Amino acid sequence: MRRRVLVVDDEKGIREALKQLLEYEEIEVQTCASGGEALQVYPQFRPHLVFLDVKMQGRDGIATLRELRQLDPHAQVVMISGHGSIQTAVEATQLGAYDFLEKPLDTDRVLLTLRNALHHVELASENLRLRDEVQTRHEIVGSSKPIKHVFERLEKVAPTAARVLITGENGTGKELVARAIHALSPRAGRAFVEVNCAAIPAELIESELFGHVKGSFTGAVSDHAGKFESADGGTLFLDEIGDMSLAAQAKVLRALEDGVVSRVGSEQTLAVDVRVIAATNKDLAVEIAAGRFREDLLYRLNVVPIEVPPLRARRGDIPQLVEHFSRQMTAQAGLQPKQFDDEALTRLAAHDWPGNIRELRNAVERLLILAPGATVGAADVERLAGVREGEQGTASVGPNAPWMRAGTFEEFKQAAERSFLQAKLREHDWNVSETARTLDMPRSNLYKKIERYQLAREAS
Ligand SMILES: Nc1ncnc2c1ncn2[C@@H]1O[C@H](COP(=O)(O)OP(=O)(O)OP(=O)(O)O)[C@@H](O)[C@H]1O
Ligand SMILES: [Mg+2]
């Protein structure tokens with residue numbers, strides 16, 4: 001089926017350039033010069049995707065986005081932001097825009113966004129048929145507040161050239177975040193090169209990163225380009241940077257400071273344009289104190305920090321993740337689909353998951369393979385995934401917490417939120433302003449929730 005895309009921009013040049021580019025991709029295109037016109041055209045044209053300019057005369061992009069979403073709650077919109085309206089474009093993603101592009105438009109970036117968004121449309125329409133729509137953004141599943149903070153941060157930093165240091169426990173999804181940053185960056189069409197610093201022996205890491213010339217050491221039988229060179233124009237992901245030797249750290253520092261590298265055994269320097277994203281599960285402050293990590297390198301790498309929260313800090317995402325992994329495994333690994341009943345889900349959500357999402361993923365796989373029936377129940381979870389009853393992470397997640405008894409996923413989320421807010425308010429002795437501040441939530445919003453959930457100070 002031919003895809004339809006609506007382009008809305010008051011600049012004729014942009015409309016025409018996008019139309020030409022998209023038509024070349026065999027997409028049916030209509031263009032509109034204003035938000036008002038777009039709202040008229042939309043219902044007849046029924047586009048799969050809308051490119052929408054943020055700044056327009058009259059009804060601006062944000063207002064148009066709001067109305068479009070009212071016309072069609074599933075409207076897929078990519079915002080186009082000019083100089084100085086990035087902030088607005090980022091805010092638009094919170095109003096449901098799928099992504100945003102920056103002017104001047106870069107052909108590769110437009111096409112990548114188009115592909116991702118159309119792929120997203122396909123997934124979205126597929127998901128509509130499923131009971132609870134799994135929230136996924138940049139392949140990262142989750143809609144909890146902590147993971148949303150990660151989305152916001154990564155979407156803000158991706159279009160820039162800033163270095164990013166991703167921290168988080170094992171299996172929290174650090175690599176996924178690194179890949180998402182690359183995919184959303186202007187470098188998306190270029191290489192994403194990954195180096196696992198922990199997996200490479202100390203004596204080989206320099207040649208791995210910077211390359212070597214023939215004969216520079218035993219075994220160097222030919223010239224070899226390093227990862228910095230391979231990543232030229234793209235992104236270099238230095239995974240497990242906390243495990244890199246001090247000697248290699250010194251060389252990386254020099255490469256970052258001067259933007260040049262030289263192959264082992266060669267005097268020649270080579271200029272490289274590489275965006276570096278690093279990740280570690282170690283506490284680098286501790287490593288620095290112990291003399292194992294260079295402080296100056298930390299400052300070079302850690303321009304924008306992103307901390308990926310452990311799974312136990314975002315338990316609300318667990319049912320979605322279970323659904324996501326079981327769908328993925330039944331589609332890819334050919335396992336028989338199984339339903340997870342509510343008790344199984346609440347049991348899984350109460351577990352502390354020291355190995356985080358990777359551990360959860362393995363547990364889901366094990367359950368799909370080993371659980372005898374078509375439905376996975378609490379007993380299976382206990383027996384096959386080693387999750388015991390009565391396990392609790394924090395006070396509000398015990399087996400008796402109200403959300404453990406929720407019947408549907410929606411109830412579950414609401415009950416979980418209710419317990420969470422109640423606990424937070426208690427913590428701050430029912431000072432609403434202070435609680436709202438620590439939750440980074442407008443006070444009015446918290447008042448609304450207090451009313452909605454009928455939260456009340458319990459008698460002590
Ligand atoms: N939010 C998520 N949604 C879907 N899949 C996820 C999510 N987070 C992690 N995963 C999956 O979990 C696994 C572990 O993620 P990843 O490798 O990115 O973690 P990591 O933090 O780099 O782990 P490590 O520290 O062990 O290297 C991968 O299979 C990844 O696809
Ligand atoms: Mg990793």
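Modeller: Start with Glu287. Its relative accessibility is 7%, so Glu287 counts as buried, the cut-off being under 20%. This is a predicted model, so read each value as computed from predicted coordinates. Glu287 sits in helix α11, which covers residues 284-289. Now look at what surrounds it. Leave out residues up to four places away in sequence, and Glu287 touches Gly242, Lys282, Arg292 and Phe293.

Lys424 belongs to helix α17, residues 409-427. Its relative accessibility is 21%, so Lys424 counts as partly exposed. The cut-off matters here, because buried means under 20% and exposed means over 50%. Lys424 has its own contacts. Setting aside neighbours within four places in sequence, they are Thr435 and Leu439. Take Thr435. Along the sequence, Lys424 and Thr435 are 11 residues apart. In space, their C-alpha atoms are 6.6 Å apart.

Now turn to the aromatic rings. The chain has 2 aromatic pairs. One of them joins Phe210 and Phe228, and this pair is stacked. The ring centres are 5.2 Å apart, with 10 degrees between the planes. Phe210 lies in helix α8 (residues 202-210) and Phe228 in helix α9 (residues 227-230), so the pair ties together parts that are 18 residues apart in sequence. Both Phe210 and Phe228 are buried.

Finally, step back to the whole chain. Its secondary structure comes to 19 helices and 18 strands. Of its 460 residues, 49% count as buried. Glu287, Phe210 and Phe228 are among the buried ones. Take contacts between residues at least 6 apart in sequence: 68% of them join residues at least 24 apart.

What about overall dimensions? Along its principal axes, the C-alpha trace spans about 75 × 60 × 50 Å. A compact globule of 460 residues would have a radius of gyration near 23 Å; the chain has 25 Å, so the value agrees with that rule. Then there is the surface. The chain exposes about 22700 Å², and carbon and sulfur atoms supply 48% of it.

Definitions and conventions. Residues numbered from 1 in each chain as written. Chains lettered and ligands numbered in written order. Predicted model: local features only at pLDDT ≥ 70, side-chain atom pairs only at ≥ 80, totals over all residues. Heavy atoms only, no water. Helix = DSSP H or I, 4+ residues; strand = E, 2+ residues; numbered from the N terminus. Rg over C-alpha atoms; globule rule 2.2 N^0.38 Å. Buried < 20%, exposed > 50% of the residue type's maximum accessible area, 1.4 Å probe, protein only. Contact = heavy atoms within 4.5 Å. Areas by Shrake-Rupley, 256 points an atom, 1.4 Å probe, with all protein chains shown as cover. Phe/Tyr/Trp six-rings, centres within 6.5 Å; stacked < 30°, edge-to-face > 60°.
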